[in-house]
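User: I am new to this structure and would like a close look at a single part of it. Could you walk me through the salt bridges, step by step?

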Amino acid sequence: SSGSSGSSGSSGSSGSFGSWPTNLLKRIGMESLVSKLPPVVQVGHLIGDVSQNVLKDLGLKTNPVSDSTSNTSSIQVICGGGDAFVGVLGMGVNSDNHFGLMTGSSNVLCGLVRSLSPEDTAILHHHGVFGAFPNAVIAGLSLVEAGQPSSGSMLQWLRKTLAPDQSFKQLDRLADQVPIGSGGILVLDCFQGSRTPYVDSKVRGAIVGLSLATTAQQIFRSAMESIAFGTRIATEAIQRALHHKISDGLVVVGGATRSPVFMQIYADVLGYELVTLSSPDAALLSAAIVAASGSKASGMDLVGTSEKYVKKGKVYRPDLARHRAYKFYYQQYCKMYSSLYPIMHEQDRYRNMSDSKSLT
């Protein structure tokens, strides 16, 4: 939105782009809300200048080169957007069928596809795939998204629980010594439910195949493999929705890129070439790209500015022999949800019943 209360310019109206879902608001009896909503503008659009009142409240000074007779400052307001959405620009994901993976406490897999007809968009709403969002970042392209609620957060929990005296670097080295398949251990990485492809908030994580001979490094390696399996299943869900394979050269940013072991596991499981970036923080770079383009400082549109400032880092290529070796374990991983979710749903119902009785 334009955020017009803090902007002294009127350029928001000239940058009108798309509209609010007025038909939906009418159907739910909230049509009066339409007149209260700000105009919809495109990411990177110049909305105006920070007003004098806001500058005074924040203790900011106007630029001394600005026109003293003008009621505006030279501090411009540029339209941003959702963090993961705008984040694709800082990853260099700016063209049709280009996708990136944002890793962290959770994972977000998102990319851009050519703008779709309403009929195609209806088909695209595959279970667990979010979108397509037309023109959400770049005009003429639609954004598609999938996600994993538990990735780095699960590894953090495992480290604190099983090896609190070990650093992630130490655990990486130990996990690297464990063969593919982690000694028969499989982890279901749904510690906070599943987003893609199951959209199930009640399912929970599981560690299967434990024995008295199981080691902490086997469990940690299996957890890393399970996150990669979850990314693969999300990738395949998007491909089913789009009816074609997404392009090779998946861009990866975030915490996982600090671990060469983890990145190679990702590459071997996915069978994709993975491209990291020289910038340590793609989200901050994305904000700078939007500001540079919107303020005309870069002299280019969002795509051109993204291409100029995003630089590639290390590239991880899949080992085909390891990719084939992972096939069996991936198939076993895919069976875990259907085998375990009925038990977990029953447990959830029982807990809710017990909680209700304890309150009465």
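Glu236 counts as partly exposed, because its relative accessibility is 24%, and partly exposed covers the range between under 20% for buried and over 50% for exposed. Please keep in mind that this is a predicted model.

Who is the partner of Glu236? Glu236 forms a salt bridge with Arg232, and their closest N and O atoms are 3.2 Å apart. Arg232 has a relative accessibility of 15%, so Arg232 counts as buried.

Helix H8, which spans residues 216-242, holds another pair to look at. The side chains of Glu225 and Arg221 meet in a salt bridge, with 3.1 Å from N to O. Here too the spacing is 4 residues within helix H8, so Glu225 and Arg221 are separated by about one helical turn. Glu225 counts as buried because its relative accessibility is 2%. Arg221 is at 6%, so Arg221 counts as buried as well.

The side chains of Asp268 and Arg322 meet at 2.5 Å, N to O. Asp268 is buried, because its relative accessible area is 3%. Arg322, at 33% relative accessibility, counts as partly exposed. Through salt bridges that share partners, Asp268, Asp319 and Arg322 are joined into one network.

To put these pairs in context, the structure holds 8 salt bridges, among them Glu225 with Arg221, Glu236 with Arg232 and Asp268 with Arg322.

Helix H8 (216-242) and helix H9 (260-270) each supply at least two residues of the lining of the second largest pocket, as do helix H6 (152-162) and helix H7 (168-176). The largest share of that lining, 4 residues, comes from H6. The second largest pocket has a volume of about 440 Å³, and its lining divides into 7 nonpolar, 10 polar and 3 charged residues.

Note on methods:
Residues are numbered from 1 along each chain as its sequence is written. This is a predicted model: local features need pLDDT of at least 70, side-chain atom pairs count only at pLDDT 80 or more; totals for chains, interfaces and linings use all residues. Side-chain values use heavy atoms; hydrogens and water are left out. On a 1 Å grid over the protein atoms alone, a cavity is a set of points where a 1.4 Å probe fits but cannot get out, and a pocket is an open set with protein on both sides within 12 Å along at least five of seven lines; lining residues have an atom within 4 Å of a point. Grid points are joined across faces, edges and corners, and a volume is the space filled by probe spheres set on the points. Ala, Val, Leu, Ile, Met, Phe, Trp, Tyr, Cys and Pro count as nonpolar, Asp, Glu, Lys and Arg as charged, and the others, Gly among them, as polar. A salt bridge is a side-chain nitrogen of Lys or Arg within 4 Å of a carboxyl oxygen of Asp or Glu. Buried means under 20% relative accessible area, exposed over 50%, partly exposed in between (1.4 Å probe, protein chains only).
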